[in-house]
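Here is a friendly walk through the aromatic side chains of the model shown below. Have a look at the rings and what surrounds them.

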Amino acid sequence: MSFKNLNLINPIVRAVTEAGYSRPTEIQSTAIPHILAGRDIIACAQTGTGKTAAFAMPILQLLKRHNPEHQGIRTLILTPTRELAIQIEENFSIYSKYLPLSQLSVFGGVSIGGQLAALRKRVDILVATPGRLLDLVNQRHIDLSKLEILVLDEADRMLDMGFVNDVKKVLQLLPRKRQTLFFSATMPVSIKKFAETILNNPVEVTVTPVSSTAQTVKQSVYFVEKKDKTDLLIDILQEKSTVRSLVFTRTKHVANKLVQQLEDVGIFAAAIHGNKSQAARQNALEDFKSSRINVLVATDIAARGIDIDDLPNVVNYELPNVPETYVHRIGRTGRAGAEGTAISFCDADERVDLKNIQKLIGFTVPVRSFYK
Ligand code: AMP
């Protein structure tokens with residue numbers, strides 16, 4: 001299955017290909033055809049399955065196809081937290097790179113001024129947390145009466161966090177005739193009942209959760225202070241100098257800095273992340289595949305699309321704050337029964353991330369000692 005087979009238009013396929021995605025994930029290949037056909041959907045999918053792109057790509061296509069002259073907010077994505085709002089907006093801006101559509105996120109906990117200024121410009125897609133959205137509507141800075149598509153993202157979390165009344169108030173502001181996409185990581189009866197009240201003849205979509213790591217991957221964690229991480233990485237890479245390693249960081253900035261620090265001690269490495277051109281990323285990958293360099297430093301977005309067989313070593317220089325991402329990262333090693341190692345660095349701030357990861361994978365990752 002390819003993105004083209006899903007009947008996605010060229011500008012979208014080009015943008016996701018440049019983001020490093022090579023083929024649709026399960027939720028994408030299942031949900032996208034229904035969304036493009038204009039159906040409501042109720043999808044049970046966790047973070048890490050590619051659910052954001054599963055709704056973002058077809059929404060962009062629908063907005064492009066219908067009435068591009070339409071002014072005002074055409075799609076609303078309601079999401080429980082500020083972090084998710086920012087992440088969803090970032091994903092939309094990556095996928096809409098070659099389309100004349102614009103997106104904005106608004107959320108509480110920050111001053112409203114910047115958001116007001118941004119709302120004066122054209123906004124096709126608005127990503128919002130419920131409370132701040134209602135504030136802005138009440139102050140008449142947002143009009144949702146022309147909305148075409150509503151997405152409820154992480155509905156279970158949104159309701160758990162006590163947003164139920166706010167969500168109901170938002171629903172009353174929307175046209176009845178609209179397309180609604182409902183996403184939730186879990187689907188208890190209460191959530192399903194709630195969904196039924198707002199969806200119109202929905203298609204149900206469920207994908208297998210990402211929670212298991214291959215038995216063949218030897219996992220370990222070092223408790224290490226942030227300032228010592230680079231030295232520890234250098235030690236490990238020098239010891240494993242003949243082995244290809246994929247090193248994960250959370251941000252592009254850290255990835256670039258790390259490559260520089262490794263090169264300073266004679267370890268040849270390359271970074272792949274969203275700011276690099278397609279050609280630069282392709283070159284780095286080729287060098288890695290052909291073992292001209294043995295270390296690739298990557299952020300999650302860039303790395304998710306790359307398919308490298310025979311990858312013996314994954315290092316989490318920084319732990320992800322989404323536990324499913326850990327499973328995806330280390331899923332790059334130990335494939336098809338091959339032995340692999342996954343080494344994680346955990347500083348004091350990341351203890352909570354490690355705890356969440358261990359809860360998801362269902363076991364405690366063995367601790368290794370820093371001092372030999
Ligand atoms: P999500 O489940 O939306 O949080 O997505 C998890 C991660 O998967 C994000 O970092 C996305 O950028 C990435 N992703 C989404 N779709 C694909 C794809 N088809 N191929 C590779 N990575 C993807």
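Tyr-317 is buried, with a relative accessible area of 7%; buried means under 20%, exposed over 50% and partly exposed in between, using a 1.4 Å probe and protein chains only. Phe-345 is buried too, at 0%. The ring centres of Tyr-317 and Phe-345 lie 6.1 Å apart with planes at 55°, so this pair is tilted. Rings of Phe, Tyr and Trp (its six-membered ring) pair if their centres lie within 6.5 Å; planes under 30 degrees apart count as stacked, over 60 as edge-to-face and the rest as tilted.

Because Tyr-317 belongs to the loop between strand S12 (313–316) and helix H14 (323–330), and Phe-345 to strand S13 (residues 340–346), the pair ties together parts 28 residues apart in sequence. Helices (H or I, at least four residues) and strands (E, at least two) are DSSP runs, numbered from the N terminus.

## How the model is read

This is a predicted model, where local features need pLDDT of at least 70, side-chain atom pairs count only at pLDDT 80 or more, and totals for chains, interfaces and linings use all residues. Residues are numbered from 1 along each chain as its sequence is written, and side-chain values use heavy atoms, leaving out hydrogens and water.

## Other aromatic contacts

By the pairing rule there are 6 aromatic pairs. Tyr-21 and Tyr-95 are edge-to-face, because their ring centres are 5.9 Å apart and their planes at 65°. Phe-55, Phe-92 and Phe-183 form one aromatic cluster.
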